Amino acid sequence: MERTFIMIKPDGVQRHLVGEIVRRFEAKGFTLVGLKMMKVSRELAEKHYEVHKDKSFFPGLVDFITSAPVIAMVWEGESVIAAARNIIGATNPISAAPGSIRGDFGVSIGRNLIHGSDAIETARQEVSLWFDDEELVDWEPIRKSWLYE
């Protein structure tokens with residue numbers, strides 16, 4: 001089974017969208033294997049967004065992600081990375097499809113509510129950056145036979 005890292009950003013937490021966002025992943029049939037609410041340190045934020053460190057928006061991005069609590073999650077399922085990207089929607093909420101999280105709730109690119117890993121290797125890196133192994137729970141939901149052949 002594939003795993004992905006999903007983070008509800010400070011704007012999603014502040015706007016009380018946590019339950020709605022979690023509901024969408026559960027309704028799709030994915031399994032939650034890790035969840036925590038946390039205040040992100042500057043060090044963790046800089047590591048997470050390291051790929052953007054030379055871009056002009058990097059300082060503001062780090063300031064934003066450390067400004068209020070986030071919800072860090074790990075979801076598991078077949079093709080969960082690609083499916084999660086569809087559930088999340090395009091980075092710019094104006095371009096995001098209706099029915100996606102950003103399409104339904106986002107207004108601006110700088111406040112786009114949620115982060116999701118974009119590839120298998122990125123997911124592995126992000127899961128290990130945000131979670132220790134003992135924080136992840138391996139379990140078998142009884143609905144699995146109703147989701148997969």
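Buried here means under 20% relative accessible area, and exposed means over 50%. The views below come from a predicted model.

**View 1. The buried and exposed sides of helix α7 (residues 120–130).** Ala 123, Glu 126, Val 127 and Trp 130 are the buried residues shown in this helix. They lie on the same side of α7, because the arc they cover around the axis is only 100 degrees. Arg 124 and Ser 128, on the other side of α7, are exposed. The packing partners of the buried residues of α7 are the strands β1 (2–8), β2 (31–38), β3 (70–77) and β4 (114–116), together with helices α3 (42–48) and α5.

**View 2. Ser 117 in the loop between β4 and α7.** Ser 117 has a relative accessibility of 1% and therefore counts as buried. Its contacts, leaving aside residues up to four places away in sequence, are Thr 4, Phe 5, Ile 81, Arg 85, Thr 122, Ala 123 and Glu 126. Arg 102 is 15 residues from Ser 117 in sequence, and the two C-alpha atoms are 15 Å apart in space.

**View 3. The crossing of helices α2 (residues 18–28) and α5 (residues 80–88).** The two helix axes come within 11 Å and cross at roughly 135 degrees, which makes α2 oblique to α5. The crossing of α2 past α5 is right-handed.

**View 4. Side chains and residues where α2 meets α5.** From α2, Arg 24, Phe 25 and Lys 28 take part; from α5, Ala 83, Ala 84, Ile 87 and Ile 88 do. By class, this contact of α2 with α5 comprises five nonpolar and two charged residues, with no polar residues.

How values were computed. Residues numbered from 1 in each chain as written. Predicted model: local features only at pLDDT ≥ 70, side-chain atom pairs only at ≥ 80, totals over all residues. Heavy atoms only, no water. Axes fitted to C-alpha atoms, helices over the stretch in contact; angles between N-to-C directions. Helix = DSSP H or I, 4+ residues; strand = E, 2+ residues; numbered from the N terminus. Parallel < 35°, antiparallel > 145°, perpendicular 65-115°, else oblique. Left-handed = near helix turned anticlockwise from the far one by under 90°. Contact = heavy atoms within 4.5 Å. Nonpolar A, V, L, I, M, F, W, Y, C, P; charged D, E, K, R; others polar. Buried < 20%, exposed > 50% of the residue type's maximum accessible area, 1.4 Å probe, protein only. Arc of directions from axis to C-beta.
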